[in-house]
Amino acid sequence: MTLKGQQSAKDDANAFHQQVRMASVQVTGLRPDELAMALAYEVEPFSGIPASEAEVTYVPAVDPDPAVRVFDVTVKRKKNRSATGGARFLVPLLVVGALALVLAAVDFIFTHRRLAALRKEVAVQANLEAQLDVVRRPTAAARAEAQALRERREAAARAQDEAARARSAYAEIMKAIADAYGERAVLMTLDGGPSSLRIKGVAVTAAAAADVQVALTKSATELGWRLMPGPIAVRTPGLTAEFECELTHD
């Protein structure tokens, strides 16, 4: 707390006038009567009027420093001096108020420091998260590329397996056709691809043509093929029978 100014002549010659500067934290939260008592104690060394006997009036003044409160104070001695008991009662209240202000200031300092520490932690966490994002992006890209490679390899392996099965099935059905025809019929044409075949043959008789299709149906079924029998045409002059059928692989 600081004081400045001189005693000046006002309307009341018995009054003492002084401008008082006090820290804002010292007066914040004080009731008007508590503030008046605090101002009385401030000017007591200069006015010669004991604070317990002082009648105080004050007007706030403007100061550019927000940490300081300025008051134009007028003090004069009370006419009735029997009020000293009340002043003695106010002293403990002022002490309690001062302690409350000190506690508030300590709490403010602790909260401010804790907030600063939390802000620092948040900044550190944000920086670490940004660095992790930089690491995660190429890792995710590499993982996606590896997954794509795996899928392509699996698709190629499936295609190879399908091709191998088709080649194997084609070879197996060729042998089954040869076994079914045997000496009973002659293979005339064979059209189609690995999974679909159209066969035309000539047998010595219609019965032989039917036997060929029955035998081929049994063998084809065991190998995963289906046989669709076609017409059997008997050529009267030579007594031969032309027949055809279609084979499809599942």
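Let's start with a salt bridge: Glu246 pairs with Arg198, their closest N and O atoms being 3.2 Å apart. The two residues bring distant parts of the chain together, with Glu246 in strand β8 (residues 240-249) and Arg198 in strand β6 (residues 196-203), 48 residues apart. Here a salt bridge is a side-chain nitrogen of Lys or Arg within 4 Å of a carboxyl oxygen of Asp or Glu. Strands (E, at least two residues) and helices (H or I, at least four) are DSSP runs, numbered from the N terminus.

A word on the model itself: it is predicted, so local features need pLDDT of at least 70 and side-chain atom pairs count only at pLDDT 80 or more, while totals for chains, interfaces and linings use all residues. Residues are numbered from 1 along each chain as its sequence is written, and side-chain values use heavy atoms, with hydrogens and water left out.

**The overall picture**

The protein has 4 helices and 8 strands. Read from the N terminus, the elements follow the order β-β-α-α-β-β-α-β-β-α-β-β. Of its 250 residues, 22% are buried; buried means under 20% relative accessible area, exposed means over 50%, and partly exposed lies in between (1.4 Å probe, protein chains only). The protein exposes about 16,700 Å², and carbon and sulfur atoms supply 60% of that area. Accessible areas come from the Shrake-Rupley method with a 1.4 Å probe, and for residues only the protein chains shown count as cover. Among contacts between residues at least 6 apart in sequence, 54% join residues at least 24 apart, where a contact means heavy atoms within 4.5 Å.

**Salt bridges**

Side chains of opposite charge can pair when their charged atoms come close. The count for this protein comes to 9 salt bridges.

| Pair | Closest N to O | Accessibility of the partners |
|---|---|---|
| Glu246 and Arg198 | 3.2 Å | Glu246 26%, Arg198 36% |
| Arg31 and Glu34 | 3.2 Å | Arg31 43%, Glu34 11% |

**Helix α4**

Which residues of α4 are buried? They are Ala208, Ala209, Val212, Gln213, Leu216 and Ala220. These residues cover an arc of only 140° around the axis, so they sit on the same side of α4. The arc is that of the directions from the helix axis to the C-beta atoms. An α-helix has 3.6 residues a turn, so residues three or four places apart point the same way. The face of α4 turned away from its buried side carries the exposed residues Val214, Lys218, Thr221 and Glu222.

Ala215 also belongs to α4 (residues 206-222), and at 25% relative accessibility Ala215 counts as partly exposed. Leaving aside residues up to four places away in sequence, Ala215 touches Ala180 and Arg184. Ala215 and Ile177 are 38 residues apart in sequence but 8.9 Å apart in space, C-alpha to C-alpha. After α4 comes Gly224, whose phi is positive, near 90°.

**A surface patch and a buried strand residue**

Tyr170, Leu187 and Leu190 make a nonpolar surface patch of about 220 Å². Patches are made of residues with over 30% relative accessible area and no salt bridge; like charges are joined within 9 Å, and nonpolar side chains (Val, Leu, Ile, Met, Phe, Trp, Tyr) within 5 Å. Leu187 lies in strand β5 (residues 185-193) and is partly exposed, with a relative accessible area of 39%.

Phe16, by contrast, is buried, with a relative accessible area of 5%. Phe16 is found in strand β2 (residues 16-23). Phe16 and Val56 are 40 residues apart in sequence and 9.6 Å apart in space, C-alpha to C-alpha.
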